[in-house]
Each structure stands twice: as C-alpha cells, then as structure tokens.
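This briefing concerns a predicted model. Please consult the sequence and the structure together while reading it.

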Amino acid sequence: SLYIVAHLQGEEVFEKVQARSQKRADSVAAALVAAGADATRLEPRGVGPLAPGCSAQACANRVEAVLR
C-alpha cells in the first residue's frame, strides 16, 4: 500500500493550504487509479506545509508516494 502525500506551501490561511494539498493528493491518486493502480492500496493525504522537507519552493510543493 502507498500513501500519496501532497506537500504544499502558501500564503493563505492554513485550512485553505491544507484543503488544496488534499485536493492535489486526491487528484494524483485518481490519475494512478485511471492508469490501473488498485484504489484500495492508495491513501491520499494532504499535509500542506506541515512537513515541507526543504525551503525551496519547487521542493516544498511536491507529491510523494510513500510505502505504508
């Protein structure tokens, strides 16, 4: 199983950034399912700015697949 984790930074209120990152994770998971992935093995999670991993914009705004 995989977590599909979307990281996103933004200047908006935390809840808005969080909602946008969840939407991005959901979109990536949907694209993977459309390409043949098993939906029951994917868990999309938007983490917003909570775990950016770096300060560079390109790195902070990313989607990762993480083994559960």
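The predicted model contains 2 helices and 3 strands, arranged along the sequence in the pattern β-α-β-α-β.

**Overall architecture**
- The protein has 68 residues, of which 24% count as buried.
- Among contacts with a separation of 6 or more, 70% are made by residues 24 or more positions apart.

**Helix 1: length and faces**
- Val17, Ser21, Ala25 and Ala29 are the buried residues of helix 1. Their arc around the axis is only 110°, so they lie on the same side of helix 1.
- The cover over these buried residues includes strand 1 (2-7) and strand 2 (42-48).
- Glu15, Lys16, Lys23 and Ala34 are exposed on the other side of helix 1.
- Gly36, which follows helix 1, has a positive phi, near 115°.

**Nonpolar surface patch**
- A nonpolar patch on the surface is formed by Val13, Phe14 and Leu50, which together have about 300 Å² of accessible area.
- Phe14 belongs to helix 1 (residues 14-34).
- With a relative accessible area of 37%, Phe14 is partly exposed; this value is over the 30% required of patch residues.

Note on methods: Residues are numbered from 1 along each chain as its sequence is written. This is a predicted model: local features need pLDDT of at least 70, side-chain atom pairs count only at pLDDT 80 or more; totals for chains, interfaces and linings use all residues. Side-chain values use heavy atoms; hydrogens and water are left out. Patches are made of residues with over 30% relative accessible area and no salt bridge: like charges are joined within 9 Å, nonpolar side chains (Val, Leu, Ile, Met, Phe, Trp, Tyr) within 5 Å. Accessible areas come from the Shrake-Rupley method with a 1.4 Å probe; for residues, only the protein chains shown count as cover. A salt bridge is a side-chain nitrogen of Lys or Arg within 4 Å of a carboxyl oxygen of Asp or Glu. Helices (H or I, at least four residues) and strands (E, at least two) are DSSP runs, numbered from the N terminus. Buried means under 20% relative accessible area, exposed over 50%, partly exposed in between (1.4 Å probe, protein chains only). Contact means heavy atoms within 4.5 Å. The arc is that of the directions from the helix axis to the C-beta atoms.
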